[in-house]
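I set out to record what can be looked up in this structure, entry by entry.

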Amino acid sequence: RAAFLTGGKPGVQRLFAESCVAGSLLWNVVEMGRDSHFKAGTDLHVGADQDQKREAFARMGDLYVVIGGGPSVSQEAHAAR
């Protein structure tokens, strides 16, 4: 069974999360003290800042599929390899 993670950011990540069917294993990985405000998934609070969040996010999965994104997504992908 697949589980899905987002970075809890607006735009494509929010659209993806809110398009998942009910019952999907979906977590929105956000920094401590922040919320995604998505209507789907569960917020998972990790790290005190963006760097700590990126490191935790990189250790969570076995396979990453990246859809769009800018420099921060590139940094997360690099940390996960």
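**Entry 1: a loop residue.** I looked up H37 and found it in the loop between β2 and β3. I note that the model is a predicted one. The phi of H37 is near 65°, a positive value in a residue other than glycine. I then checked the accessibility of H37: the residue is exposed, with a relative accessible area of 60%.

Entry 2: Is E31 buried or exposed? I record E31 as buried, because its relative accessibility is 12% and the cut-off for burial is under 20%. Leaving aside residues up to four places away in sequence, I listed what E31 touches: H45, V46, G47, A48, D49, Q50 and K53.

**Entry 3: salt bridges.** How many salt bridges does a search of the whole structure find? I count 3.

- The side chain of E31 meets that of R34 in a salt bridge, at 3.4 Å from N to O. I find R34 exposed, with a relative accessible area of 52%, whereas E31 counts as buried at 12%.
- The side chains of R54 and D51 meet at 2.8 Å, N to O. Both are in helix α2 (residues 50-60), 3 residues apart, which is about one helical turn. I note R54 as buried, at 11% relative accessibility.
- The side chains of E18 and R14 meet at 3.1 Å, N to O. I place both in helix α1, 4 residues apart, about one turn of the helix. E18 is partly exposed at 32% relative accessible area, and R14 counts as partly exposed at 28%.

Entry 4: Which parts does the pair tie together? F4 lies in strand β1 (residues 3-6) and F16 in helix α1, so the pair links parts that are 12 residues apart in sequence. I find F4 partly exposed, with a relative accessible area of 32%; F16 is likewise partly exposed, at 32%.

**Entry 5: a nonpolar patch.** I noted a nonpolar patch on the surface, formed by V12, L63, V65 and I67, with about 460 Å² of accessible area together. Of its members I looked up V12, which is found in helix α1 (residues 12-19). V12 is partly exposed, with a relative accessible area of 49%.

**Entry 6: the whole chain.** I count 3 helices and 3 strands in the protein. Along the sequence I read the pattern β-α-β-β-α-α. What radius of gyration would a compact globule of 81 residues have? I note a value near 12 Å for such a globule, and the 12 Å of the protein agrees with it. Taken along the principal axes, the C-alpha atoms fill a box of roughly 30 × 25 × 25 Å.

I also recorded that buried residues make up 26% of the 81 residues. The protein exposes about 5,500 Å², of which carbon and sulfur atoms supply 55%. Among contacts with a separation of 6 or more, I find that 22% are between residues 24 or more positions apart.

Terms used: Residues numbered from 1 in each chain as written. Predicted model: local features only at pLDDT ≥ 70, side-chain atom pairs only at ≥ 80, totals over all residues. Heavy atoms only, no water. Patch = residues over 30% accessible without salt bridge, like charges linked within 9 Å, V, L, I, M, F, W, Y side chains within 5 Å. Areas by Shrake-Rupley, 256 points an atom, 1.4 Å probe, with all protein chains shown as cover. Salt bridge = Lys/Arg side-chain N within 4 Å of Asp/Glu carboxyl O. Helix = DSSP H or I, 4+ residues; strand = E, 2+ residues; numbered from the N terminus. Buried < 20%, exposed > 50% of the residue type's maximum accessible area, 1.4 Å probe, protein only. Rg over C-alpha atoms; globule rule 2.2 N^0.38 Å. Contact = heavy atoms within 4.5 Å.
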